[in-house]
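User: Please examine the model shown below and answer some questions about its architecture.

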Amino acid sequence: MAIIETKNLTIIFDMPNNTRITVLEDISFTLEEGEFVAILGPSGAGKSTLLRAIAGLITPTHGEVLYRGKLVEGVNPGISMVFQSAALFPWLTVLENVELGLKAKGLPPKERREKAIKMIDLIGLDGFESAYPKELSGGMRQRVGFARALVVEPEVLLMDEPFSGLDILTAENLRNDLLDLWIEHKIPTKSILLITHSIEEAVYLADRVIILDRNPGRIKQEIYIDLPHWRDRDDEAFLRLVDRIYGIMMGKPLVPKTVRPERYVTPLPHVRVGAIAGFIELLSDLVDTKVDIYKVAEDLQMDVADIQPVIEAAELLKFIDTTGGDITITEEGRIFAEADVLEKKQIFKKLLLEHVPFIQQILQVLNSKSNHRMPVEFFIELLETKFSESEAHNQIEIAIDWGRYAELFAYDEDSKEIYLEEEVVES
Amino acid sequence: MLYKAIPIKRIKISAIDLGIIFFLFAFIYGVVSTARGWRESPGYAINISLSFFSLPYYAWLSILRQFFAYMLSLVFSITYGYIASHNKSLEPFMISLLDILQSVPVLSFMPGVILGLIALFPYGRVGVELGSVVLIFTGQVWNMAFSVYGSMSTIPRDFDEAANVFNLTPFQKFIYVELPYSTIGLVWNSMMSVAGGWFFLMACEMFTLGEKDFRLPGLGSYLQLAAIKGDIRALLVGLGVMIAIIVIIDQLVWRPLIAWAQKFKVELSSEESVPHSAIFTLLQRSTIAPLIGGAVEDFWERISRRFPKKVSISPKKGLLSITRRILISILALIVVYGCFRLGIIVYKIPAFRWGDIFISDLFTLLRVSFAVGLSILWTLPVGVFIGMNPRLSTVMQPLVQIFASIPATAIFPIILMWLVSLRGGLSIASILLMLLGTQWYLLFNIIAGAMSIPAELKEASSIFGLSGIDRWRKLIIPAVLPQLVTGAITATGGAWNASVVSEYVHFRGTTLSVKGLGAMISSSADRGDFGVLAASTIIMIITVTIINRFFWRRLYWLAEEHYSL
């Protein structure tokens with residue numbers, strides 16, 4: 001039976017500069033009783049927004065959220081939530097933090113205290129009742145976050161990347177403790193919905209993984225994880241699943257995106273030239289031919305969320321090619337890796353002009369001006385018709401970084417103008 | 001109930017606890033007996049005695065007034081800040097109103113407040129007493145309200161969401177989330193506000209309005225009377241008592257409060273230097289203080305259960321918006337009517353008067369600029385010197401705090417005594433008072449700015465051989481500029497306010513005055529000339545606002561954008 005259901009959920013944010021951004025588009029899925037579902041997606045896919053819409057903290061623009069068949073208006077009555085930052089109140093002790101939700105329910109003090117103490121014991125924080133969050137380590141703080149969410153005995157537990165702020169060992173420890181509570185039915189929770197950007201974490205914990213695409217966020221694919229608990233991360237089947245999901249996440253969108261006429265609409269990944277160059281060099285040392293993206297991430301000891309924008313940038317410039325989860329270095333990429341500083345700049349310049357329309361557009365504008373200068377504000381306003389204000393600033397910052405490196409144009413911090421490099425030589 | 005309640009036999013009453021109990025009893029007795037005095041005393045013009053023996057009683061009365069004014073400010077600022085941060089449609093209106101009220105000098109409130117309250121309480125001293133408390137309140141409340149509003153509208157999103165997910169009622173959210181989050185800012189601003197209250201104490205305890213002469217027994221009127229009579233001994237002793245009170249209150253109230261407020265810090269990292277207070281540590285060790293704390297908590301909880309579990313807004317919406325509309329219309333009508341009446345009063349002012357007001361405005365502007373310029377001139381090098389020597393700043397900061405809390409108005413008559421015979425003596429004295437009253441804001445901020453210069457930047461500038469002027473231009477000025485501007489905004493506002501008490505003074509039986517907007521305000525209040533009072537107040541508000549908007553704010557943005565560290 002479905003506990004939570006979303007129907008054609010679409011969320012559009014109105015930005016202050018009168019643009020609208022579609023964060024989530026047409027999300028329909030159900031969370032069944034007894035199910036542990038992970039929602040997986042790159043940053044900017046609207047994962048957190050989806051979770052907040054289900055919690056009833058955000059009202060959807062279109063579509064609806066149902067709890068046991070009833071429309072959710074205001075905060076969803078069947079849920080509780082664990083936050084990425086734990087979101088404990090620093091002025092309350094561990095016990096008081098855990099008790100807070102029970103207070104809101106109007107439980108008498110005695111009952112409240114008993115329940116809170118029991119939950120604190122269960123989550124492994126016995127003896128820390130009167131400590132303040134400041135005195136606890138990150139992992140213990142998140143345990144309090146779990147206790148606070150679980151003590152109100154929610155039907156559905158929502159978790160917003162609860163392990164991502166912790167170090168590897170602490171996170172693993174907490175994951176296993178949570179899983180133990182869940183599989184052994186030590187808590188009355190009927191379903192769990194986890195937001196994460198870690199594929200391994202999703203495959204390790206969940207019964208079903210929903211993969212989100214971004215710009216706008218929509219469901220790309222759902223994958224059932226049929227492996228029995230406790231799962232072995234080195235197991236062949238486990239690795240195959242992880243690999244497959246990597247492929248789906250990194251690959252071309254399964255649903256073709258609507259074609260947009262504007263040329264500069266593809267956002268530039270937020271990666272500086274230094275990171276791209278470093279990545280290509282590392283990659284050319286690591287591999288000879290084709291390689292798994294998953295393997296690359298592992299070899300570089302990087303999280304996929306961190307490495308993904310770099311891969312995107314490298315692919316945008318055609319240094320590499322990724323098809324279905326494999327990376328191949330292109331001819332240019334290989335030459336680039338071997339080249340010296342000046343040659344690198346030349347190659348980068350050539351690829352930039354070929355593959356990044358926005359850079360071409362900047363150059364066209366500068367060339368058409370008699371003094372070859374243009375206030376950066378002009379480009380930001382241009383970008384703001386397509387992106388949010390902060391994203392427009394990010395975009396121009398990246399464009400300037402890339403253009404500067406390629407010596408195509410330069411930027412004057414004082415006058416806030418972008419100008420052509422020749423200008424410097426002439427004047 | 002294993003965990004919190006202390007079994008009866010374990011209660012130990014220590015010396016500290018006895019101290020707390022006696023303190024409470026004495027306080028209650030003091031308040032009750034003072035209130036009896038209000039009823040018994042006949043008129044408002046009470047004879048103030050300059051005898052030293054009356055000083056303790058006067059001091060007590062002044063402390064009580066400050067206490068009630070502060071309590072009023074506390075309630076008002078929390079209410080105002082809460083409403084302004086929760087009501088999106090009222091927010092812009094309430095905030096600009098606060099901005100304007102902040103720049104109204106205390107004395108401009110005086111006629112309205114006093115006449116209104118005397119009309120309400122025509123018998124005994126009650127009306128004037130309340131008036132004095134309200135006047136002190138008008139000098140304290142605005143920055144506190146700003147602080148509460150600022151905190152409550154910047155509550156971290158996580159906290160807000162957690163409170164909503166766990167279905168806290170609005171009242172529970174206020175008690176467990178919003179109020180705690182606002183506490184630190186509120187404590188610091190309370191300290192500043194109460195210091196401001198002492199600054200204007202003299203003006204708030206003794207004033208004339210038309211033919212009526214109002215005098216309330218208190219330390220402020222004692223000091224003022226001593227100044228009028230030219231009694232230096234009384235002046236010095238009164239000043240000594242005032243400083244003693246301020247230092248004691250600092251140690252007994254503010255230090256413990258600040259130490260306690262550390263609990264509400266949101267940053268989870270441990271701080272390098274945590275404020276300490278011996279009194280606070282003592283209180284923590286006592287048996288009674290935590291019991292009182294627990295009782296307060298229980299009380300909150302009991303109240304919070306009285307409140308509806310959930311506010312159901314949707315069905316009532318129609319009704320709510322209708323009553324709200326009616327309320328807003330009534331408010332708007334009152335405002336329009338008030339503006340209309342004010343317009344008539346101001347319209348009746350002859351043209352030459354207006355010219356006079358504008359010229360006075362220029363004179364005061366000149367004095368204020370001079371005072372602030374002079375303050376910057378000395379506080380910049382000294383502040384930077386202190387701030388860049390960590391050892392020195394740990395010694396100097398508490399000292400500076402004590403200096404800053406001495407109200408300059410109390411020293412003013414003493415200064416005047418020397419300067420009055422000089423040509424332009426009052427003008428110099430007026431600038432000096434502005435300087436004394438406002439330089440501390442600058443010094444505090446510059447020390448803080450200099451302390452925040454990263455060590456690497458200092459090292460880098462030494463390595464590159466920056467010295468002398470270059471070091472100032474390239475490192476120090478850019479680093480402290482944002483803080484300097486913040487301090488200067490407060491200092492300028494304070495200096496304008498100080499002009500009201502420094503340009504027009506009753507001294508040694510005569511009235512001294514110089515040309516200036518402050519003198520204009522005080523003298524018109526003295527005469528009961530409401531037209532000129534209103535007009536000059538409006539001009540002062542406009543001037544202060546313009547200077548803030550077009551000079552300091554611009555400079556601030558510039559500094560933030562270019563030099564922010």
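Analyst: A crossing is left-handed if the near helix is turned anticlockwise from the far one by less than a right angle, and right-handed if clockwise. Helices (H or I, at least four residues) and strands (E, at least two) are DSSP runs, numbered from the N terminus. This is a predicted model, in which local features need pLDDT of at least 70 and side-chain atom pairs count only at pLDDT 80 or more, while totals for chains, interfaces and linings use all residues. Residues are numbered from 1 along each chain as its sequence is written, and chains are lettered from A and ligands numbered from 1 in the order in which they are written.

User: In which hand does H14(B) pass H17(B)?

Analyst: Helix H14 (residues 351-388) of chain B packs against helix H17 (residues 425-451) of chain B with the axes 7 Å apart and at an angle of about 35°. Axes are lines fitted to C-alpha atoms, for helices over the stretch in contact, and angles run from 0 to 180 degrees between N-to-C directions. The crossing of H14(B) with H17(B) is right-handed.

User: Which element gives the most to the side of chain A that touches chain B?

Analyst: The contact draws 22 residues from chain A and 24 residues from chain B, two residues being in contact if their C-beta atoms, placed from the backbone, lie within 7 Å. On the chain A side, strand S6 (79-82), helix H2 (94-105) and helix H3 (109-122) each supply at least two residues. With four residues, the element that gives the most is H2(A).

User: Which strands are the edges of the six-stranded open sheet of chain A?

Analyst: The order in this mixed sheet of chain A is S6-S7-S8-S3-S9-S10, where two strands pair if DSSP finds at least two bridges between them. Strand S9 (residues 208-213) of chain A is joined to S10(A) by six bridges, and the two run antiparallel. The edge strands, each pairing on one side only, are S6 and strand S10 (218-224) of chain A.

User: How many residues has the largest nonpolar core?

Analyst: A nonpolar core is a set of buried Ala, Val, Leu, Ile, Met, Phe, Trp, Tyr and Cys residues joined through C-beta atoms within 7 Å. A residue is buried if 20 or more other C-beta atoms lie within 10 Å of its own, exposed if 12 or fewer, and partly exposed in between, with C-beta atoms placed from the backbone. Those with the most contacts inside the largest core include A:Leu193 and A:Val209. The size of this core is 129 residues.
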